[in-house]
Structures are given as C-alpha cells and as structure tokens.
Amino acid sequence: MPLPLFLTGLAALMAAFVITRGWLGTRAKTLFLVLAAVMMIETVLVALRFAYQIEGVLVIQRLLPFWIGPLLYLGFLALSDRAEHLRRLVVLHLGWAVIMTLVVAAVPQVRIALDLLIAFSYAFYAVLLMRLWRGGPDRLSQLAVAHIPKMRRFMVLGVLLLAVTCLMDTVIAVDFIRNEGANVTRMLSLGSLILILLFAGAAFWIGKAPPGRETTTSLSDQDDDVVTRATQFLEETRLFTDPDLSLTRLARRIGVTDRVLSTAVNRQTGKNVSQFINGFRVTAAADLLRATNDPVSAIGEAAGFLTRSNFYTEFQRAYGQSPGAYRKG
C-alpha cells in the first residue's frame, strides 16, 4: 500500500474525532471536517499519481493544497477571541484559496512556480497559526477551560504539519528544477513516513494533555485576592463596557502580570479571562433588559459586546435563552 494512503486513514481518524466532540462548536467542526475531507482526497490523488502513474488526476491534485492552510487556521480561529469576525475572515482566507485554485485550473502547465506558491501558502499559515498559539490559552475564548490544553496541543501539531509539508513541497519543486522530478516518488514516500511518525507521536503527546484546572475549595490566597481585585475593579469602573478591554489591559489596571491574572481566574472560576469579562457584560445587559425599553442590539453594545452575534451567543450560554425571550419572561 502506498504510504500516502496511510495519511488518508489518519485524516479519516481526524474526521471521526471532530464528529464525536460536541464541545467544538458548529463552525469549528464544519471547518475541520472540510479540512479532513480535503486531506483525504488529496492524499488519495497523490497516491494515484505517483504510486500508480495516473496523470489524469494532476490538475485536481494541485488545486487542493491551497485549501489546507486556510481551513486549518480558520478552524482554530472559530474557537478564538476573533470568532465574531469569522465570516469576514472566511471570505478573506478562502478567497485566497479560490483565486489560487482558479489560477492553477487556468494555467496547469506552470508546475514549478505553483509548487513554490503552495509551499509559501503552507509557510504563511504555519506562521499565522503559531502567532495564534503564542497568544496563550485565553485566545481560545470559545472553549471551556477543560478543553483548552488539548486544543493548544493540536495547534502545535497543525504548525508542524504545515511546516513539514512546506519543506516537502519546496524540496520537490527543487527536484523538478534540477532533475525533472526524478526523485519525487522517493521524496513523497519519505515525507509521508515522517508525517505518519509525526501523527503517531502527536497522538501520544496529545493524549497526555493535562485536564483543565477545575475550581476547588483549596484556592490560594493569592488567587482569591487577584480575582476579588479584578471583580471589584470591573464593578466600580464598569470598564467591561469597553469592547476593546483585553487581558493585558485589565492585568495592568489591577497591578499584576497577565499570567497571574489568567491563572487566578482559571483556578477560581473555571473560566478564561475573556469569559470572565463577558460574565459582567451579560449581567449588565440583563439588568438593562429588565429596566429599559432600549433595543436589544443597543443594549448589547452598551454592555460592551462588539457584535450582536457575540452578545446573543454569550447571553444564551449564561441564561439559556435569547435576550428577547429573557425580556418577555
């Protein structure tokens, strides 16, 4: 069996994992499932082309790589603090994939330049995903705290996947330039073996991801003090109504580091800082819904929510109903 087909099986396992994780959310789940489908099709086409010399799949096989980086990155963005901008970001990043797909379909004979463009796409999205990971656990604000450590490890796996694939495409492009692709089949086998070993090691590593910290009665005095100070500060200043309020800004205002504030909030409340701040916004919005006749959208904005969709999502999560239904009840 050609080694690329083992990668097809790994992509199918990824799809099964995504399907069985209800906590991922609909948008992230959809993006990851489309990614898994693209990877399965691509690896089958690679096997057909290089293991069985079926050249008829060439054009389609060279269309799909442009979709892998964007879909992977957007899947994690759907779980992040930028989720409210996801629609615009999908148009931006998948628009790039559409443009490059049309270019490949229109000019299929430009082989080497397109191989280098594919490598650039992998490298570009590896950098974007690493930047998202370096933002820390609070960037994954759409996840419950218990699931954040495992998903951050998946982000590292995603970066490695894109980096290794980028290297493979670059080496293959160079081989086409120097040797007219004489060594491509061996390179693909070696690259596939590296990816298989990478996935195997990652499965073990991710499986050992520590569980999210849960609230306990034995919290340290420092955690109690930090969360109390943050709570009092937000209640007194109502700075939570500023939609641009960030972890760093809040930490500085109460005189602690980002890490101290993030750790204290996680330990005491079981939430990340974004969810902690949104709790104040939801409470303020509920008060306004009961006390005023202002439009629901205006209330969400007054409470500090940047978008209406984010307001509705957070309110539904907190009260189990929409703001309109809450007001009527």
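**Helices, burial and nonpolar cores in a predicted model**

User: In this predicted model, how do you know that the span of helix α5 agrees with its number of residues?

Analyst: Helix α5 covers residues 86-106, which is 21 residues, and at 1.5 Å a residue it should span 30 Å. The C-alpha atoms at its ends are 29 Å apart, so the two values agree.

User: Which residues of α5 are buried?

Analyst: Leu86, Leu89, His93, Leu94, Ala97, Met100, Thr101 and Val104 are buried in α5.

User: Why is Thr165 called buried?

Analyst: Its relative accessibility is 14%, and buried means under 20%; therefore Thr165 counts as buried. Thr165 lies in helix α7, residues 148-179. Not counting residues up to four places away in sequence, Thr165 touches Tyr122 and Leu195.

User: What makes Leu193 partly exposed rather than buried or exposed?

Analyst: The relative accessible area of Leu193 is 39%. Buried requires a value under 20% and exposed one over 50%, so Leu193 is partly exposed. Leu193 is found in helix α8, residues 184-207, and together with Leu190, Ile194 and Leu197 it makes a nonpolar surface patch of about 370 Å².

User: What is the phi of Arg238, and why is Arg238 called partly exposed?

Analyst: Phi of Arg238 is near 55°, a positive value in a residue other than glycine. By contrast, most residues other than glycine have a negative phi. Arg238 lies in the loop between α9 (221-237) and α10 (247-254). With a relative accessible area of 43%, Arg238 falls between the limits of 20% and 50% and is therefore partly exposed.

User: How many residues has the largest nonpolar core, and which have the most contacts inside it?

Analyst: The largest nonpolar core has 57 residues, and those with the most contacts inside it are Phe32, Phe76, Leu79, Leu129 and Met151. At least two residues of this core come from each of α1 (3-19), α2 (26-51), α4 (65-77), α5, α6 (111-134), α7 and α8. The most is given by α7, with eleven residues.

How values were computed:
Residues numbered from 1 in each chain as written. Predicted model: local features only at pLDDT ≥ 70, side-chain atom pairs only at ≥ 80, totals over all residues. Heavy atoms only, no water. Helix = DSSP H or I, 4+ residues; strand = E, 2+ residues; numbered from the N terminus. Expected span 1.5 Å × (residues − 1). Buried < 20%, exposed > 50% of the residue type's maximum accessible area, 1.4 Å probe, protein only. Contact = heavy atoms within 4.5 Å. Patch = residues over 30% accessible without salt bridge, like charges linked within 9 Å, V, L, I, M, F, W, Y side chains within 5 Å. Areas by Shrake-Rupley, 256 points an atom, 1.4 Å probe, with all protein chains shown as cover. Salt bridge = Lys/Arg side-chain N within 4 Å of Asp/Glu carboxyl O. Core = buried A, V, L, I, M, F, W, Y, C linked by side-chain atoms within 4.5 Å.
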